[in-house]
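Subject: Structure handover

Hello,

Please find the structure below, followed by notes on what was found in it. Could you read them with the structure open?

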Amino acid sequence: MVSRDVVVAALALALGAAAIFESAKLPLGTVRNPGQGFFPSWTSVVIVLLAIVLLAQVLTSRSSTNQHAPGRIAKVTALLLVLAVYTFLLDSLGYLLCTFLLVLFMLRVIDAQRWPVALSMALLTALGSYVVFAIWLSVPLPRGPL
């Protein structure tokens, strides 16, 4: 029986190779003056390398334990649902509040951190990412009621 990790590694390897092939059609440029194909080419190379590392780890591991327990699948499902809610509430609640609540959920429900750690990390993440994107990079983010 082929494990899920082998399938994921093979899929990432195939997609990365296809991306390398397609990005080779674009001008690469240089580090100082990158062309249109610079970022896609190097990103594709990293994907292929990571897929090879994953494939090597899976093929050399001797563990036969089931790492895909139902609890992990439930956490992933819950996170996907919360991310969907995040995207719908982003305009009405704003970036800061939605991001704070998202990170708080991830740290309390998904990772089970203590309240002081979860609250401080959620606040630092929301404020830090807001400063980087809204202030330094001038990316327009939803304001919300705050």
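**Ser44 and helix H2**

Apart from neighbours within four places in sequence, Ser44 is in contact with Gly16, Ala19, Ile20 and Ser23; contact means heavy atoms within 4.5 Å. Ser44 lies in helix H2, residues 38-60. Helices (H or I, at least four residues) and strands (E, at least two) are DSSP runs, numbered from the N terminus. Ser44 is buried, with a relative accessible area of 4%. Buried means under 20% relative accessible area, exposed over 50%, and partly exposed in between, with a 1.4 Å probe and protein chains only.

**Basis of the notes**

This is a predicted model, in which local features need pLDDT of at least 70 and side-chain atom pairs count only at pLDDT 80 or more, while totals for chains, interfaces and linings use all residues. Residues are numbered from 1 along each chain as its sequence is written, and side-chain values use heavy atoms, with hydrogens and water left out.

**The chain as a whole**

The chain has five helices and zero strands. The radius of gyration of the chain, taken over C-alpha atoms, is 20 Å, well over the 15 Å that the globule rule gives for 146 residues, so the chain is more spread out than a compact globule. That rule is 2.2 Å times the number of residues to the power 0.38. The C-alpha trace spans about 50 × 45 × 25 Å along its principal axes. Of the 146 residues, 17% count as buried. The chain exposes about 10600 Å², and carbon and sulfur atoms supply 73% of this area; accessible areas come from the Shrake-Rupley method with a 1.4 Å probe, and for residues only the protein chains shown count as cover. Among contacts between residues at least 6 apart in sequence, 52% join residues at least 24 apart.

**Cores**

A nonpolar core is a set of buried Ala, Val, Leu, Ile, Met, Phe, Trp, Tyr and Cys residues joined through side-chain atoms within 4.5 Å. The largest one has seven residues: Phe100, Val103, Leu104, Leu107, Ala118, Ala122 and Ala126. Helices H4 (95-110) and H5 are the elements that give two or more residues to this core, and H4 gives the most, with four. Ala126, leaving aside neighbours within four places in sequence, is in contact with Tyr95, Leu96, Thr99 and Phe100. A second, separate core has six residues, including Tyr86, Tyr95, Cys98 and Leu102.

Ser129 is found in helix H5, residues 115-136, and is buried at a relative accessible area of 14%. Beyond its neighbours within four places in sequence, Ser129 is in contact with Tyr95, Thr99, Leu124 and Ala134. Met121 is also placed in H5, but is partly exposed, at 38%. With neighbours within four places in sequence left aside, Met121 is in contact with Val103 and Leu107. Met121 and Phe38 are 83 residues apart in sequence, and 34 Å apart in space from C-alpha to C-alpha.

**Positive phi**

Ala112 lies in the loop between H4 and H5 and has a positive phi of about 55° although it is not a glycine. Ala112 is exposed, with a relative accessible area of 61%. Ser138, in the segment after H5, is another residue other than glycine with a positive phi, near 55°. Ser138 counts as exposed, at 57% relative accessibility.

Regards
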